[in-house]
Amino acid sequence: MIRYDADQAAFYREKLVKRVEADVRDCYQCGNCSAGCPAAFTFDYTPNQVMRMLQVGLVDKVLDSSAIQLCIQCLTCTARCPRNIDIAGIFEDLKTVAVAQEREVPEQVKTFNKAFLSAVARFGRLPEFYDMATFYMGTMNPKMALGNVGLMVPVMTRRKMPLIPRRAKGADEVGRIYKKTMEKAKAREKAEMKTLEKLRAEAAKAGAAASGAAGHGAKAAGSSGAGESEVAE
Amino acid sequence: MTLAYYPGCSLRHSSEELDHSSRKVLEALGVDFKEIPDWTCCGSTPAHMVDHLLAQSLAARNLRQATEIGDELVAPCPSCYQREKNAAVEIKESDEFRAEVNEILDKPYTGNVTCYSLPEYLINFVGEEKVASLVKVDLSQLKVVPYYGCLLGRPNDMVGEESPEQPMMMDLLLQAAGVDVKWWNYKTECCGASVGMPKEEIQRKLSGKVLEQALAAGADAVVVCCPLCHVNLDLKQGQINKALGTDYKVPILHLPQVLGLAFGMSEDDVMLQKNIVDPRPLIKRVIAEAAAIKAEEERKAAEKAAKEAAKAAKAASDAAAGESAPAKAAAGATPSTDEEVTP
């Protein structure tokens, strides 16, 4: 079942205006973003569809989509948008939301980011071989790993990658940066979810009051005669 | 003032040749630079895909380290450059955000560092004339396409290009170095970037298209700045061929490698042996071709000069003969005609 959530849509719209200075309402569906997107052929929804979904209140569907996961952040859409909407910025921000909400997202991008960042947090500088090894282990997809073993031959013969990672001098600080920001992001997301719930409750209350009022109105109209109710309709 | 040099993780190992050739070229051009002490990862793509504050704080730590050297930073890797610049600009614009970042860092970042990519720095502070003045090797037969990828063209106001669709800095530098730069439409198309790891089909299709278009433009090699573009086009070229059923064998060169070669550096100086698709036969061939063309031109010029000399000599002898000939004719003819009659 499709659930259109206007409160959630309004909440994220305002958030995006604040955080990336982009208003999803500016989109008039010209499709330039999707035409230029190099990765859209693998997306479940094209960029212009994502924009429409954000407008009408299908934010949850967007947050669970492969589109925001597989976006390369090449910025072609942003560069070509005739309404100057930072579409890539919107995708980037929503991706961070999906991470903070710990959503089960499609594709292996989450595994890749996690392998990369935990390696950096531990060693300060990216140990490339270690990162690749942990990523392919994380994918639980031995076929994918085996398909890339061949790459190691030219890399090794040209001595382009040491196998054993070394810790850089600033690694401790980098580790702390990672830990602190991740904790902060989770706390912020929690607070935001609370705000959204509050907004929803308020909207529901106002809605009930409004429908109550409308009900009274209808009754009043009904009691006062058929002509008026037609006008009311 | 000394320039702070940020190598980044890729340049330490998998793209060592980019680091090495960048340093060599900067030295040759007389740029005073020093590596940032205890730099760490810029956060790259994963950091800004996971959390904004994480990305900006990781980059800000390096900006803080850079202030130990100066307030200008150059990062040959376009990804590092974008991350560092992005953080530097946001922090400079907002004191509130600076405070937020400094809360995360061990020691606060209080400076204002300006970040440059390698082509941006060379165009703005070294200049094409200086580059051209150092050229010692004729690379006019090296046909290349400059590949900017995503990070040196967009957002164009940030990277200092006039147009996001038509960046020019690499073109200008390569032309100054005397290379035959071909015009093509794939300057700023994406190679697949880091999504090439978790979603291989994207990278294979996009990188394959870049190689196809480079050849269609009449290029023998692609020149890149980005180490990740290099990995995707060079190291993974075999995978692309396998996936697409193609047979590409296109050398992928780093911009400073080409500049270094033009400045007369050896293949080892710019580490051509580290590239996967071996560019050395191509470089040898184009230098030999240029020499042959030069020799041919010299031969033609000499021939022309000889011909002209012969012609001049003939004309001189004709003139000399001509001077006596009319005299002879005059003497031979000697009809009883008036002086005014001319044949």
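**Chains, contacts and local geometry**

Modeller: Chain B has 15 helices and 8 strands; helices (H or I, at least four residues) and strands (E, at least two) are DSSP runs, numbered from the N terminus. The radius of gyration of chain B, taken over C-alpha atoms, is 29 Å, well over the 20 Å that the globule rule (2.2 Å times the number of residues to the power 0.38) gives for 343 residues, so chain B is more spread out than a compact globule. This is a predicted model, in which local features need pLDDT of at least 70 and side-chain atom pairs count only at pLDDT 80 or more, while totals for chains, interfaces and linings use all residues. Residues are numbered from 1 along each chain as its sequence is written, and chains are lettered from A and ligands numbered from 1 in the order in which they are written.

Colleague: What does the C-alpha trace of chain B span along its principal axes?

Modeller: The span is about 120 × 50 × 35 Å. Of the 343 residues in chain B, 50% are buried. A residue is buried if 20 or more other C-beta atoms lie within 10 Å of its own, exposed if 12 or fewer, and partly exposed in between, with C-beta atoms placed from the backbone.

Colleague: How many helices and strands does chain A have?

Modeller: Chain A has 13 helices and 0 strands. Its radius of gyration is 24 Å, well over the 17 Å that the globule rule gives for 233 residues, so chain A is also more spread out than a compact globule. The C-alpha trace of chain A spans about 90 × 40 × 35 Å along its principal axes, and 36% of the 233 residues count as buried.

Colleague: How many residues of each chain are in contact with the other chain?

Modeller: Two residues are in contact if their C-beta atoms, placed from the backbone, lie within 7 Å. Here, 41 residues of chain B are in contact with 47 residues of chain A. On the chain B side, α1 (9-12), α3, α4 (52-66) and α11 (200-216) each supply at least two residues. That side has 23 nonpolar, 7 polar and 11 charged residues. In this classification Ala, Val, Leu, Ile, Met, Phe, Trp, Tyr, Cys and Pro count as nonpolar, Asp, Glu, Lys and Arg as charged, and the others, Gly among them, as polar.

Colleague: How should I read the packing of two helices?

Modeller: Two packed helices are described by the angle between their axes and the distance between the axes. Axes are lines fitted to C-alpha atoms, for helices over the stretch in contact, and angles run from 0 to 180 degrees between N-to-C directions. In chain B, the axes of α2 (residues 16-28) and α14 (residues 255-262) come within 8 Å and cross at roughly 45 degrees. By class, they are 4 nonpolar, 4 polar and 2 charged residues.

Colleague: Which residues make the contact between α7(B) and α10(B)?

Modeller: Helix α7 (residues 118-126) and helix α10 (residues 169-176) of chain B pack at an angle of about 60 degrees, with their axes 9 Å apart. Their contact is made by B:P119, B:E120, B:L122 and B:I123 of α7(B) and B:M169, B:M170, B:L172 and B:L173 of α10(B). These residues divide into 7 nonpolar, no polar and 1 charged.

Colleague: Which backbone details deserve a look?

Modeller: The peptide bond from B:R154 to B:P155 is cis, with omega near -15 degrees. B:P155 lies in the loop between β5 (143-147) and α9 (156-159) of chain B. A:L75 is not a glycine, yet has a positive phi of about 70 degrees; its place is the loop between α5 (66-70) and α6 (76-80) of chain A. B:S44, also not a glycine, has a positive phi of about 50 degrees and is found in helix α3 (residues 44-50) of chain B.

Colleague: Is B:A221 buried or exposed?

Modeller: B:A221 is buried, with 22 other C-beta atoms within 10 Å. This residue is in strand β7 (residues 221-224) of chain B. The C-alpha atoms of B:A221 and B:L253, 32 residues apart along the chain, are separated by 7.0 Å.
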